[in-house]
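Reader: I have a structure open on my screen and would like to talk through it piece by piece. Could you take me along its helices, its core and its sheet?

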Amino acid sequence: MNSAPNQWLSGEAIEFNSMKYTIQHKTAYAYLEPVSLCHNIARLVPRNTREQTCTNTHILISPEPDRINEYEDFFGNKIIYFSIEKEHHELSVQVTSEVERSEGAGVEKVSGQNDILEIKQHIFETPMTSWDEQILQYAKESFIPERPVIEAALDLTQRIFTDFEYKPGHTTVATPLGVLMKERKGVCQDFAHLAIACVRSIGIPARYVSGYIETLSPEGAEKLIGVDASHAWFSVYVPGRGWTDFDPTNNCLVSDQHIIIGWGRDYADIAPLEGIILSSGSHELTVSVDVKRI
């Protein structure tokens, strides 16, 4: 996962094979005080793209929701809204999906006026991707005049991988990029937001992509259950090519080992699970993800 597939940059024809995965995502809340009402939005169903097809999804929610509805949001992501209108002390959401993913995936072609309008909305900063002079100067080290966009974005990906330490728990989704730039530690969401801020500061559209990544156990070791995790990376609009995805956490172009849930302007547009509860107490959260090749 630490080397970029250079054939993507060569312009050579690539024969795509498909990989099939089963993804199981479990989220559990344990409330210290009873909850009498909750409204929730889940973004846990992988979307269909040119390189990816979600062939089957099973959703299990406990307690059983009083209301549930499925729809697509503004970005075309699959949304599950549900409410539980009775007292409960725990909430469990389990989504199991089967996905077929093309080898060499990571490029989304663009065509039509609606796609052009969709591109333009990803050029403006958001609270999570705002930039300052420091971030602009960091971006300019990669985005040199006359340098191809894809080459510059790949260089930015490699620099973030080298310059920043992956350290779970050091940041939260609310940590400003200024803190990340100072402390040089974070997780995949931070690195994706930083890359997006850099790309947009140059005037190039970029979007936040949420999904999963298949992790492989060391040779001879059995893969543990629940060790996979949600993942995030960034996508850059390359004229003449389309949306191209980069993973700065793993220093690579996105491949068939990356499964897409959806995308947006930043994390807030594609947060896996969010909601409002009526309760006076706090809660404990546990998340377990398994990505299995079938």
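Reader: How many residues does α4 have, and how far does it reach from its first C-alpha to its last?
Author: In this predicted model, α4 has 15 residues and spans 21 Å from its first C-alpha to its last, which is close to the 21 Å expected at 1.5 Å a residue.

Reader: Which residues touch the most other members in the largest nonpolar core?
Author: That core holds 35 residues, and those touching the most other members are Leu156, Ile160, Phe164, Leu194, Val199, Val236 and Phe246. Two or more residues each come from α3 (133-140), α4 (149-163), α5 (177-183), α6 (188-201), β10 (206-213) and β11 (230-238), and the largest share, nine residues, is given by α6.

Reader: What is Val199 in contact with, leaving aside its neighbours within four places in sequence?
Author: With those neighbours set aside, Val199 is in contact with Phe143, Leu156, Ile204, Pro205, Ala206, Phe234 and Val236. There is also a second, separate core of 25 residues, which includes Leu44, Ile80, Tyr212 and Ile259.

Reader: Back to α6, then: why is it largely enclosed by the rest of the structure?
Author: Because 13 of its 14 residues are buried, α6 is largely enclosed by the rest of the structure. From first C-alpha to last, α6 reaches 20 Å, close to the 20 Å expected at 1.5 Å a residue, and this helix is followed by Gly203, whose phi is positive, near 95 degrees.

Reader: Changing topic, what is the order of the strands in the open sheet?
Author: The open sheet has four strands in the order β3-β6-β1-β16, and their pairing is antiparallel. Since β3 (52-62) and β16 (283-293) stand at the edges with a single partner strand each, one side of each is left without a neighbour in the sheet. On average, and ignoring direction, neighbouring strands of this sheet are turned by 10 degrees against each other.

Reader: How many bridges join β3 to β6?
Author: Ten bridges join β3 to β6 (residues 88-102), and the two run antiparallel; Thr53, for example, stands opposite Glu100 in β6.

Notes:
Residues are numbered from 1 along each chain as its sequence is written. This is a predicted model: local features need pLDDT of at least 70, side-chain atom pairs count only at pLDDT 80 or more; totals for chains, interfaces and linings use all residues. Side-chain values use heavy atoms; hydrogens and water are left out. A nonpolar core is a set of buried Ala, Val, Leu, Ile, Met, Phe, Trp, Tyr and Cys residues joined through side-chain atoms within 4.5 Å. Buried means under 20% relative accessible area, exposed over 50%, partly exposed in between (1.4 Å probe, protein chains only). Contact means heavy atoms within 4.5 Å. The expected span of a helix is 1.5 Å times one less than its number of residues. Two strands pair if DSSP finds at least two bridges between them. Axes are lines fitted to C-alpha atoms, for helices over the stretch in contact, and angles run from 0 to 180 degrees between N-to-C directions.
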